[in-house]
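Colleague: Could you take me through the surroundings of one annotated site, please? I'd like to know what sits around it.

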There are 2 protein chains.
Amino acid sequence: MPFDPASLKFDDRGLVPAIAQDEDGTVLMMAWMNADAVARTLETGRVTYWSRSRQAYWIKGETSGHVQELIDLRVDCDRDCLLLVVRQTGAACHTNRRSCFYTAVRDGEEVELMAPMT
Amino acid sequence: MPFDPASLKFDDRGLVPAIAQDEDGTVLMMAWMNADAVARTLETGRVTYWSRSRQAYWIKGETSGHVQELIDLRVDCDRDCLLLVVRQTGAACHTNRRSCFYTAVRDGEEVELMAPMT
């Protein structure tokens, strides 16, 4: 079946959450896409989100160089969430950590799991 | 630092997206939690979401037996998304597939990556 980005179930802002997972299995980040960001990501192979704060397309790594090359795009059963398997250059997180999920909760305490990349 | 679920950045419905990843690395599903669902998950070790459609707590697997045992809970840099590392019993998806992300988009076509579990 041909894939049509418009067939996804977008929220009332026209967005779906998109989870980026490195090809090594690490979950890197979660951001948002509209239909056109999905289409651009598929066309260019460069992961492109929609920035809710800037209300603009956000080609991941365009300024930092920390690009995400799309390896595989997956749609969930409800068609309201995407999983992007990517090849991440450098840090995915704006704090320069590899993943945005660097804080764990253990025994009620927040624990930092990884340091910024050098 | 002690973790307080109220310190998360909830959306205007009082929810954060929660990504469930099996301890083997497979991304299983994405669902939603409110502050109390986060607290219940940490207290019980059983992953508990908030069902937007039913407007009720959803102890994953309570009826199906396909429970998610919490291994680690992680918070992202913006504190508006959670990553749950879990031990999944059986299928995470209501279609009886291991993961909800069983459809890939390849060369413009939708491709089914996994069959229902038997």
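Modeller: Let's start at Cys93(A), which touches Arg98(A), Ser99(A), Cys100(A), Tyr102(A) and, from the other chain, Cys77(B), leaving aside residues up to four places away in sequence; contact here means heavy atoms within 4.5 Å. Keep in mind that this is a predicted model, where local features need pLDDT of at least 70, side-chain atom pairs count only at pLDDT 80 or more, and totals for chains, interfaces and linings use all residues. Residues are numbered from 1 along each chain as its sequence is written, chains are lettered from A and ligands numbered from 1 in written order, and side-chain values use heavy atoms, without hydrogens or water.

Cys93(A) sits in the loop between β6 (82-88) and β7 of chain A (strands are DSSP runs of E, at least two residues, numbered from the N terminus). With a relative accessibility of 3%, Cys93(A) counts as buried, meaning under 20% relative accessible area with a 1.4 Å probe, protein chains only.

As for the record, an unreviewed UniProt entry has a "binding site" annotation on Cys77(A), Cys93(A) and Cys100(A). These span 24 residues in sequence and the farthest two C-alpha atoms are 27.7 Å apart, so they don't all gather at one spot. Such annotations may be inferred rather than shown by experiment.

Note on methods
Helices (H or I, at least four residues) and strands (E, at least two) are DSSP runs, numbered from the N terminus. Buried means under 20% relative accessible area, exposed over 50%, partly exposed in between (1.4 Å probe, protein chains only).
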